[in-house]
Each structure stands twice: as C-alpha cells, then as structure tokens.
Amino acid sequence: MFRLLALHAHPDDESSKGAATVAKYIDDGVRAVLVTATGGEAGDILNPAMDKPGVKKNLPEIRRQELAEAAAIIGYEEVILLGYRDSGMPDTEDNARADAFTNVDEAEVLARLVEIVRRERPHVLLGYDSHERYPHPDHLAIHRYGVDVFTAAADPSFGPELGEPWAVKKLYAPMFSVARLTALHEAMLTRTGESPFADWMERMDPVADIGKRVTSVDVSATLSRGRDALRAHRTQVDPDGFWFHVPVDLVVDTYPYEDFELLATRVTVEPDEKNLFDGIAVG
Ligand SMILES: [Zn+2]
C-alpha cells in the first residue's frame, strides 16, 4: 500500500490545492495523512452568508470543524494539526506575534515534521512550490519545510531520537499551470462568452512553467469531490464564487488534470509521467 503525506499552511489549502488528486489516490487504496500547520486565525470571512455575529469571534473553532469536514470528504486517514498561529500578511499584527508560524523556531518545526515523516513513512510528499504568485509567509514557509524535511527525514545523523530514517521517494507541489489556466480560460470564453480567469490571464507569465518538471494527474472521477471539500470551508469560500464558475463537465472535457511540479526525487521520473507514484516500489 502506498502512503502520501500532504503539508499545508491553512485550513482550506488542502481543498484548493490538489484535493481531487488526493481523493483519487485514496480511492485507489493509498493511505493519506494531512498536516496543517496553522489554524487560519488571520483569515477573513470571505462568504457573505457566513458574515454574521459570533462567526468571527469563534473563527478558529469553526475553521477546525470545516477542516475536519473537508478532510473527511477527501478521505484523509488522519489530520495532524501542528497548532501554530496563522502568520497573516507581512506588516500586520498577526505577522508580528511570537506564536505566528513564521516566528516559531525553525529547528523545532523541522524536528516535528521529521518525526511525523519517519512515523508515517510516506512514499510521496506534497509541499508547496516557491510561490512567487501568492507570497503568503506561511505558504513560503511550507515550501522551505517541504524541501528540508525531504532531506532531513532520510538523514541518519539528523535527530536520531526522532525515529528511523525514512527516504520519501518524491516531493511534489500542486500548481496551477499555464496550460491549465489557458485551456480553462479559452473553453469558458467559447462556451459562455466570459471567463473568471480574465485577470489571471492578464497577469500570467506565459513562460512561467518552462523548465519545470510537471506531472498531470487525471482527476475526472474526483473533481466534484474536490469541490465539495472546498465548499465545506464555508467561512472562506463563497459557494457562488470564483472557484465554482467553471462547470465540472467543462473541466472534464478540456483539462481534466491537476498539475504537480516535481521538486525533488530519489527515483527516475519519466518526462511524460501521469501518476505521482510511478517508479516507486511499495515498501
Ligand atoms: Zn493558505
């Protein structure tokens, strides 16, 4: 049985990045565990229907429930909350707090992640790319920790008390590729005359993905489940909003993939790979 470990910054990231892929692998029998670094305390209420008394005050508890619901929809075996505080954006009060994720001692965080990886022994680790497009400090931190834990967990000289070394085979980052953005944008224009991606297309760098090693996973069967998981984050996601404007059948017809950038590997990866577990022996 293959195992997958996903590292995410905030509740809802597990549903907006690669959720349909994780759901598909869980259906195939993969054991998947989610690690969420923060409680999303600095999040705004982004769904007008949830902007009501008591919600903002109880946001951490509400977001924990939303996360549990979303993780159950995707099918995660276990959710590990690291319990750090959302670092918010630079130059905010949230960002200055000592308990903000990015202000916590990096050695402490890395040791906890190494311990989790050595216990769960994932074949595939999902982290983040270098996040030029959305430089949230917590997302940038997840990128660094993903890369660091890939190396440290396999290193016998790193924290021998944290468990037997484990060499994760591949580290990927979910990405919104230029190919996917362009295909969905054009298909929406053809079908409806308008596209929710118009702004993105204007800001997009057409050569941004050149040189990246990208694996496109067919998620036709689980796309809807990924969206249901995202919808469970009621405070963060407006069910009438951006993410849901593109009909599932249009996605299946035009670009039924979620894309992942390969950040590190210990096995040979074919250039036309379509499966995150290709080239890995179960063990
Ligand atoms: Zn996030």
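**View 1. Strand 2 pairs with strand 3 in this predicted model.** Five bridges link strand 2 to strand 3 (residues 78–84), and the two run in the parallel sense. To find your place, look for Thr 36, which stands opposite Leu 81 in strand 3. Strand 2 itself spans residues 31–38 and is mostly covered, with six of its eight residues buried.

**View 2. Strand 2 also has strand 1 as a partner.** Here strand 1 (residues 3–8) runs parallel to strand 2, and six bridges join them.

**View 3. The largest nonpolar core holds 62 residues.** Those touching the most other members include Leu 4, Ala 6, Val 117 and Val 149. Helix 6 gives the largest share of this core, six residues. Now follow Val 117: beyond its neighbours within four places in sequence, its contacts are Leu 5, Pro 122, Val 149, Ala 153, Trp 166 and Val 168. As a general rule, nonpolar side chains in soluble globular proteins tend to be buried together.

**View 4. Glu 164 sits in a loop.** You can find this loop between helix 6 (137–152) and strand 5 (170–175). Glu 164 counts as exposed because it has 10 C-beta neighbours inside 10 Å, and the cut-off for exposed is 12 or fewer. Arg 121 is 43 residues away from Glu 164 in sequence, yet their C-alpha atoms are 9.6 Å apart in space.

Notes: Residues numbered from 1 in each chain as written. Predicted model: local features only at pLDDT ≥ 70, side-chain atom pairs only at ≥ 80, totals over all residues. Helix = DSSP H or I, 4+ residues; strand = E, 2+ residues; numbered from the N terminus. Buried ≥ 20, exposed ≤ 12 C-beta atoms within 10 Å, placed from the backbone. Pairing = 2+ DSSP bridges. Core = buried A, V, L, I, M, F, W, Y, C linked by C-beta atoms within 7 Å. Contact = placed C-beta atoms within 7 Å.
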